[in-house]
Amino acid sequence: MSENHHHYRPENSRGLIFAVFINLSLTLFQFIGGILSGSLSLLADAVHNLSDAASLGIALFARKISLKPADEAKTFGYQRAEVIAALINTTLLITISLYLIYEAFLRLLEPQVIAGSIIIFVATIALIIDILTAIITFKKSKNNMNMKAAFLHNLSDALSSIAVIIAGLLIFLYKIYWIDTALTFLVAGFILWQAMKLLPNTIHLLMEGSPKNIFPKDIKESIKKIVGIKDIHHIHVWHLDENRIAMEANVIVTANRLSEVEPIKNKIKILLKNNFNIVHSTLEFEHYKNSKSGDSN
């Protein structure tokens, strides 16, 4: 297949591998700090960081799979592996946010004394690591849903760390213990909101949904302007993966010889690529006298 537009070098994955390692280390550091301080928000941040490490690992694994060349088993290639990874990561985000909300409700029923100084120290270290990891994933997130999901993990973690630092300061200075639970609700709500925004697009791709702003009627009107085309029907447009769009259709022509059909086909291919960014098209040609279909799909 010649349509694989990914450009991948082994060093591209080194940043992600490093990000997985530091997130795992941070998870252990935060978990110990959360136990020592009694902070739910710090433990929540530890759980969130663990999910980040998992999401980055999944993203890295899917990225490598997606770069495999097309073969007999996967004739369109393996790029959709990244969409599957995005779905897994988004599902993890939703699950974690709901768990944090549940734990925050339990803390409301049983308030605890919390050590603010430990929270501030641990959360500050976490924030530095979160920002570094977010920078790594952001550079790779443009036009890539898989890496965008991983970046959202890290962005929400950085915001979570900021919230935990604020909670630690208020607890340390003013003994406002309830702020720890309140900020846990806030962080969990933000995570849930981000995940729910990403989920519909991910499912749409996996369901081979039509690309946004590309409509069969517009394709039909454009193609019918080409000389030698009587009609076009049975138009189907879908995403092969996040960046590639495919189409199939039946084209009714007035040409009587195959040599006359070839130029028409080339004009259609060029039009589809230039006007609709459709890089793969399968076209079936019929002579208008033999066409029995009046379908204008």
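Axes here are lines fitted to C-alpha atoms, for helices over the stretch in contact, with angles from 0 to 180 degrees between N-to-C directions. Helices are DSSP runs of H or I with at least four residues, numbered from the N terminus. The model is predicted, so to speak of local features takes pLDDT of at least 70, and side-chain atom pairs count only at pLDDT 80 or more, while totals for chains, interfaces and linings use all residues. Residues count from 1 along each chain as its sequence is written, and side-chain values use heavy atoms, leaving out hydrogens and water.

**Exercise 1.** Work out how helix 1 and helix 4 run relative to each other.

*Solution.* Start with the axes: helix 1 (residues 14-37) and helix 4 (residues 116-138) come within 10 Å and cross at roughly 165 degrees. Angles over 145 degrees count as roughly antiparallel, so this pair is roughly antiparallel.

**Exercise 2.** Find a salt bridge that links distant parts of the chain.

*Solution.* The structure has 5 salt bridges (a side-chain nitrogen of Lys or Arg within 4 Å of a carboxyl oxygen of Asp or Glu). One of them joins Arg 107 and Asp 180, at 3.9 Å, N to O. Arg 107 sits in helix 3 and Asp 180 in helix 6, 73 residues apart.

Technical notes. Helices (H or I, at least four residues) and strands (E, at least two) are DSSP runs, numbered from the N terminus. Angles under 35 degrees count as roughly parallel, over 145 as roughly antiparallel, 65 to 115 as roughly perpendicular and the rest as oblique.
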